[in-house]
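Thanks for coming, everyone. I have one structure to walk through today. Here it is on the screen.

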Amino acid sequence: MRYTVAEIADAIGAEAVGDTSIVISALAEPGSAGPDDLAMASTAKYAESLANGSAQAAMLWAEADWQALGLKAAILPQRPRYAMSHLTTMMDPGQGFDAGIHPSAIIDPTARIGADVSIGAGAVIGADATIGAGSVIGPLCFIGWKASLGERAFLREHVSIGARVDIGARFVSHPGVRIGGDGFSFVTPEKSGVETARESLGEQGEAQGQAWARIASLGGVLIGDDVEVGANTTIDNGTIRATRIGDRTKIDSLVQIGHNAVLGNDVLVCAQAGVAGSATIGNFVVLGGQSGIADNLSIGDRVVVGGASVILSSVSAGKVMLGYPATEMKTQINSYKALRRLPRYVADIAALKKAVFKSGSSD
């Protein structure tokens with residue numbers, strides 16, 4: 001793909017200056033950019049390495065002195081990182097998947113395939129499944145019985161969509177995603193030690209070891225529009241009702257969403273986070289990497305959970321949480337500061353004891 005600087009600037013809604021007829025064929029880091037590349041130097045720090053490359057044009061920041069940087073042209077967006085979301089999409093060469101339906105794909109005769117759908121080699125489309133118009137189903141994907149994908153879905157290779165999963169428009173799924181597995185639901189004939197320990201906060205009582213009986217997942221998964229799911233993430237079916245993912249929610253790689261969980265709109269879930277069964281996550285929530293939400297909790301709108309934090313009680317809207325067990329970030333930081341002061345406090349107390357009791361011992 002080749003675009004002029006003017007065409008790129010117009011497409012991303014940014015100002016173009018200098019010789020805007022220069023043709024760009026790729027994006028590159030400033031220090032390695034060649035004459036046909038657009039150097040990505042969105043801050044003054046990145047721009048320092050422009051001299052190490054041979055770029056004629058760069059995407060900078062709104063107030064940048066592009067001529068002082070030795071450039072012939074520049075694109076000056078108001079918010080460079082946001083501009084990158086449009087620019088990288090524009091320049092994305094794709095995955096090289098062929099158009100049309102590969103002859104090795106297995107499609108049940110009852111499946112409904114929309115117009116202009118591409119289905120890759122070895123893909124399997126189950127009975128009564130629905131694939132929306134303009135969708136791309138990558139090689140070796142599986143779409144289960146009565147599953148539904150909205151228009152312009154894009155599934156990379158090895159994606160598995162189980163039975164009764166209902167997904168909205170413009171869904172993006174990266175390699176290895178598994179949606180619609182059974183929830184991790186097991187129960188014992190009598191009250192188990194773990195149930196007693198949870199109620200008592202530490203005591204198992206007289207409970208004995210017992211075998212676990214499986215609770216089947218009869219509900220499906222319901223996913224809204226414009227949702228993206230990262231590689232090797234799993235989303236479990238609900239037990240009776242569906243597990244739900246709201247519109248425009250973005251889920252990173254290696255995330256686990258448990259049965260019956262509800263995620264609102266515009267939620268951001270970072271890598272290795274886990275949402276346990278029946279938890280409810282509000283709108284605009286951010287879950288940091290390796291964070292965890294315990295089961296049956298409610299997380300309010302706009303909550304931010306720091307990386308590796310574990311939420312063990314419900315959180316009201318707008319709070320920023322950190323730690324294990326998570327507390328408000330300012331409380332957690334104050335507690336950490338106090339913990340670091342403990343050795344000094346111990347030394348001070350020992351000195352005071354020595355002075356008061358005239359003792360030669362520091363015990």
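Start with aspartate 226: partly exposed, at a relative accessible area of 25%. On the cut-offs, buried means under 20% relative accessible area, exposed means over 50%, and partly exposed is in between, with a 1.4 Å probe and protein chains only. Before going on, the ground rules. This is a predicted model: local features need pLDDT of at least 70, side-chain atom pairs count only at pLDDT 80 or more, and totals for chains, interfaces and linings use all residues. Residues are numbered from 1 along each chain as its sequence is written, and side-chain values use heavy atoms, with hydrogens and water left out.

Which residue does aspartate 226 meet in a salt bridge? Arginine 170, at 2.6 Å, N to O. A salt bridge here is a side-chain nitrogen of Lys or Arg within 4 Å of a carboxyl oxygen of Asp or Glu. Arginine 170 sits in the loop between β18 (166-167) and β19 (172-173), and aspartate 226 in the loop between β23 (221-223) and β24 (228-229), so the pair ties together parts 56 residues apart in sequence. Arginine 170 is partly exposed too, at 27%. Glu151 joins Arg170 and Asp226 in a network of salt bridges.

The whole structure has 8 salt bridges. One of them links glutamate 157 and arginine 156, with the closest N and O atoms 2.9 Å apart. Glutamate 157 is partly exposed at 22%; arginine 156 is buried at 17%. Lysine 319 and glutamate 328 form another, at 3.2 Å, N to O. Lysine 319 comes out at 26%, partly exposed. Glutamate 328, at 29%, is partly exposed.

**Sheet and cores**

Now the strands. Helices (H or I, at least four residues) and strands (E, at least two) are DSSP runs, numbered from the N terminus. Ten strands form an open sheet with parallel pairing, in the order β8-β11-β14-β17-β20-β25-β28-β31-β34-β37. Pairing requires at least two DSSP bridges between two strands. The edges are β8 (106-107) and β37 (310-311), each pairing on one side only. Inside the order, β17 (160-161) and β20 (178-181) pair in the parallel sense over 2 bridges. There, serine 160 stands opposite arginine 178.

The largest nonpolar core has 51 residues, and Leu155, Phe171, Ile179 and Leu263 touch the most other members. A nonpolar core is a set of buried Ala, Val, Leu, Ile, Met, Phe, Trp, Tyr and Cys residues joined through side-chain atoms within 4.5 Å. Another core lies apart from it, with 17 residues, among them Ile12, Ala14, Met40 and Met90. Back to isoleucine 179: beyond its neighbours within four places in sequence, its contacts (heavy atoms within 4.5 Å) include Ser160, Val165, Phe171 and Ile235.

**Helix α1**

Which residues of α1 (5-12) are buried? Val5, Ile8, Ala9 and Ile12. They lie on the same side of α1, because they cover an arc of only 95 degrees around the axis. The arc is that of the directions from the helix axis to the C-beta atoms. Their packing partners include β2 (15-18), β7 (73-76) and α3 (80-91). Just after α1, glycine 13 takes a positive phi of about 70 degrees.

**Overall**

The protein has 5 helices and 39 strands. Its radius of gyration is 27 Å, well over the 21 Å that the globule rule gives for 363 residues, so it is more spread out than a compact globule. That radius is taken over C-alpha atoms; the rule is 2.2 Å times the number of residues to the power 0.38. The C-alpha trace spans about 85 × 65 × 30 Å along its principal axes. Buried residues make up 39% of the 363.
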